[in-house]
Amino acid sequence: VTVSVLYWLILLMASSKITVMAAAEAGAPFEKKTIDVPEALGADEVELTVESCGICHSDVSMWKNNWGMTQYPFVGGHEIFGTVSAVGSGVKSIKVGQKAGIGWHAGYCGECKQCGSGDQNLCGNAQGTIVERHGGWADKVRASAKAVVAVPEGYEGDHVGPLFCGGVTVFTPILEYAKPEMHVGVIGIGGLGSMAVQLLSKWGCHVTAFTSSEAKKKSAVELGAHAVVSSTDNVELSKAAGTLDMIISTVNVTLNWDAVINTLAPRGRLHLVGATLEPIPVAAFGIMMQQRTISGSPVGSPQTIATLLEFAKRHDIRPPVHKTFKFDDVNDALAELEKNPQGRVVLKW
């Protein structure tokens with residue numbers, strides 16, 4: 001018995017090496033490091049060998065500790081695509097060798113009302129993939145099997161990772177509120193907005209893109225937008241008054257929100273998925289008299305991610321990848337992201 005106990009203690013204490021790109025402090029450059037993790041996986045854990053990982057603005061916010069909860073050294077990355085390399089003893093939902101991904105969440109409590117109703121992304125005790133743990137800017141990453149979603153066969157590639165955060169962030173309100181033939185606006189045609197336009201056009205909606213960038217107007221149409229309106233031109237906004245059933249805002253900047261809301265039809269909805277830092281001042285009568293709604297949502301549940309992947313595969317939707325970088329060049333990739341490109345910046349080994 002003593003030998004058996006000792007054997008398992010040794011197994012639990014044994015560690016394996018993982019290569020990561022880590023920043024030592026807020027805003028510091030990322031450098032390649034090796035960290036130790038327990039060799040034995042938890043019973044419900046899955047390990048992925050990372051192939052590629054999108055860069056989200058939330059990675060930047062965490063890197064700079066803009067939200068006051070970052071622990072250093074910091075390893076970003078929560079739009080992860082790879083191959084399952086190991087599973088815990090209790091995992092039945094996914095197998096070694098399958099292609100899979102991990103998004104903003106690496107685990108859920110599994111006990112609360114939200115988890116029980118399929119709204120795991122609203123779980124109050126959800127574990128963030130880059131919060132108090134290392135993310136996907138690494139050669140391997142681990143997460144609870146509940147948060148690991150298999151990628152449909154034949155849909156693999158650099159475009160997949162961005163769907164696990166940016167894609168599902170815009171798909172969640174589409175799945176919940178949008179219906180075919182609805183007129184839907186998308187504010188901001190960056191990483192999230194580009195995916196929203198693609199998804200909505202295949203969803204059967206009439207899509208209006210809102211952007212202040214002349215360069216992005218043409219590409220918005222190429223992605224599937226039927227109309228383009230300047231998000232900063234009050235004259236153009238007034239011409240669109242009362243025409244939209246729903247607007248998905250992906251931006252984190254201040255706009256003329258009353259003018260934006262005025263483009264909504266009666267019972268129209270402004271849905272926020274961009275983390276606007278400033279308060280949004282709106283006139284109450286503009287909401288009340290037309291029975292309009294303002295709502296928001298964070299990322300999406302594992303089931304919503306799975307639905308998104310199947311929908312994207314069926315309609316051959318591939319989020320635009322602006323540029324790929326080697327993981328070793330993550331600092332150059334972050335500099336490229338600061339240029340606010342249309343489409344995602346993706347890291348790969």
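This is a predicted model: local features need pLDDT of at least 70, side-chain atom pairs count only at pLDDT 80 or more; totals for chains, interfaces and linings use all residues.
**Largest pocket.** I began with the largest pocket, which holds about 1,300 Å³ of space. I noted that 50 residues line this pocket, and that His57, Thr250, Asn252, Gly274 and Ala275 are the closest to its centre.

I then asked which helices supply the lining of the largest pocket. Helix H2 (57-63), H4 and H5 each give at least two residues. H2 gives the most, with four residues. I sorted the lining by class and got 22 nonpolar, 24 polar and four charged residues.

**Second largest pocket.** Next I looked up the second largest pocket, with a volume of about 200 Å³. It has 13 lining residues, and the closest to its centre are Asp119, Asn121, Thr172, Glu176 and Thr304. H4 gives the most to this lining, with three residues. By class I found three nonpolar, eight polar and two charged residues.

**H4 against H10.** I found that the axes of helix H4 (residues 166-177) and helix H10 (residues 302-314) come within 10 Å and cross at roughly 95°. An angle of 65 to 115 degrees counts as roughly perpendicular, so H4 is roughly perpendicular to H10.

Which residues meet in this contact? From H4 I listed Gly167, Val168, Phe171, Thr172 and Leu175. From H10 I listed Thr304, Ile305, Thr307, Leu308 and Phe311. The contact divides into six nonpolar, four polar and no charged residues.

**Cavity.** I searched the whole structure for cavities of 30 Å³ or more and found one. The largest cavity has a volume of about 70 Å³. Its lining includes Val168 and Ile305, two residues I had already listed in the contact of H4 with H10. Also in the lining are Gly103, Trp104, His105, Tyr108, Ala147, Phe164, Val299, Gly300 and Pro302. I counted eight nonpolar, three polar and no charged residues there.

**Helix H6.** I turned to helix H6 (residues 214-223) and asked which of its residues are buried. They are Lys216, Lys217, Ser219, Ala220 and Leu223. The cover over these residues includes helix H5 (191-203), strand S11 (206-210), strand S12 (227-229) and helix H7 (234-239). Glycine 224 follows H6, and its phi is positive, near 130°.

**Threonine 208.** Last, I picked a residue in strand S11, threonine 208. Buried or exposed? Its relative accessible area is 8%. Buried means under 20%, so threonine 208 is buried. Leaving out residues up to four places away in sequence, I found that threonine 208 touches Val184, Gly185, Val186, Ala227, Val229 and Leu244.

Key
Residues are numbered from 1 along each chain as its sequence is written. Side-chain values use heavy atoms; hydrogens and water are left out. On a 1 Å grid over the protein atoms alone, a cavity is a set of points where a 1.4 Å probe fits but cannot get out, and a pocket is an open set with protein on both sides within 12 Å along at least five of seven lines; lining residues have an atom within 4 Å of a point. Grid points are joined across faces, edges and corners, and a volume is the space filled by probe spheres set on the points. Ala, Val, Leu, Ile, Met, Phe, Trp, Tyr, Cys and Pro count as nonpolar, Asp, Glu, Lys and Arg as charged, and the others, Gly among them, as polar. Axes are lines fitted to C-alpha atoms, for helices over the stretch in contact, and angles run from 0 to 180 degrees between N-to-C directions. Angles under 35 degrees count as roughly parallel, over 145 as roughly antiparallel, 65 to 115 as roughly perpendicular and the rest as oblique. Contact means heavy atoms within 4.5 Å. Buried means under 20% relative accessible area, exposed over 50%, partly exposed in between (1.4 Å probe, protein chains only).
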